[in-house]
Amino acid sequence: MSETVFTQALENIPRVKSSNGDTLTEPFLEVCRMVLPVIDKFGTSMSLVKSDIGGNISRLNARYRSDTSAFYLLYDIVRKEVAEKTVKHSSSCTNGLLWLTRAMDFIVALFCNLFNHPDWTMTQAATDAYNLTLKMWHGWIASSTFTVALKLIPERNKFMTTLGGGNLEADIKCFITSFPPLLQDNHNFLKSVGCDDMKAS
């Protein structure tokens, strides 16, 4: 059976949680990496988004690789920075996890819109997703840049044909139902340590 652009991410989402329900660092980052090809389908309009996501994955992965046993669990990276009082730094892994999670929220919201509103244009679906997930956290420069990018994304039918064969509708439905709980867990934890409300300058 032919794959869709979501296939690999969907195969790995069940591996993100430990038997105790903890979020594992490497599997979570791997799922986020597997979402990057989805962003490629938007073309150059989303190159900044892809770069930002890739940078945050790399930042978190570098910290994980510095001590894989200490940072086997994703939130232990944040706990370490809380103890060191570095969570609010723009270059912190906590900030990286927050923005990575928000970017994934945007991707999920966009595909929720495409799934639930077959009559919406791509720009309409993407703009609504942006307003729901990222706009309130962006400063004027970031918001202006993103708004321009949203107007340059491909036409809906053309975009959907780039996502692969197989049962695309079923894969989108699975993605927008199985990934959000992991993202919400990130938000809940970050909120518990006072780090879920940081904004871009």
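**Figure 1. A salt bridge joins D185 and K17.** The closest N and O atoms of D185 and K17 are 2.7 Å apart; a salt bridge is a side-chain nitrogen of Lys or Arg within 4 Å of a carboxyl oxygen of Asp or Glu. D185 belongs to helix 10 (residues 180–192) and K17 to the loop between helix 1 and helix 2 (25–40), so the pair ties together parts that are 168 residues apart in sequence. Helices (H or I, at least four residues) and strands (E, at least two) are DSSP runs, numbered from the N terminus. D185 is partly exposed, at 28% relative accessible area, and K17 is partly exposed at 25%. Here buried means under 20% relative accessible area, exposed over 50%, and partly exposed in between (1.4 Å probe, protein chains only). The model is predicted: local features need pLDDT of at least 70, side-chain atom pairs count only at pLDDT 80 or more, and totals for chains, interfaces and linings use all residues. Residues are numbered from 1 along each chain as its sequence is written, and side-chain values use heavy atoms, with hydrogens and water left out.

**Figure 2. K50 and D40 pair through their side chains in a salt bridge.** The N to O distance is 2.7 Å. This pair links distant parts of the chain, with K50 in helix 3 (residues 47–66) and D40 in helix 2, 10 residues apart. K50 has a relative accessible area of 31% and D40 one of 40%; K50 is partly exposed, and D40 is also partly exposed.

**Figure 3. R63 and E81 form a salt bridge.** Their side chains meet at 3.6 Å, N to O. R63 lies in helix 3 and E81 in helix 4 (residues 74–84), so two parts 18 residues apart in sequence are tied together. R63 is partly exposed, at 25% relative accessibility, whereas E81 is buried, at 2%. The structure holds seven salt bridges, including this one.

**Figure 4. F6 is buried in the segment before helix 1 (7–12).** The relative accessibility of F6 is 1%. Leaving aside neighbours within four places in sequence, F6 is in contact (heavy atoms within 4.5 Å) with V38, F111, L168, D171, I172 and F175.

**Figure 5. C93 and its closest cysteine sulfur, in C195, are too far apart for a bond.** The two sulfur atoms are 12 Å apart, and C93 is buried, at 3% relative accessible area. A search of the whole structure finds zero disulfides (pairs of cysteine sulfur atoms within 2.5 Å).
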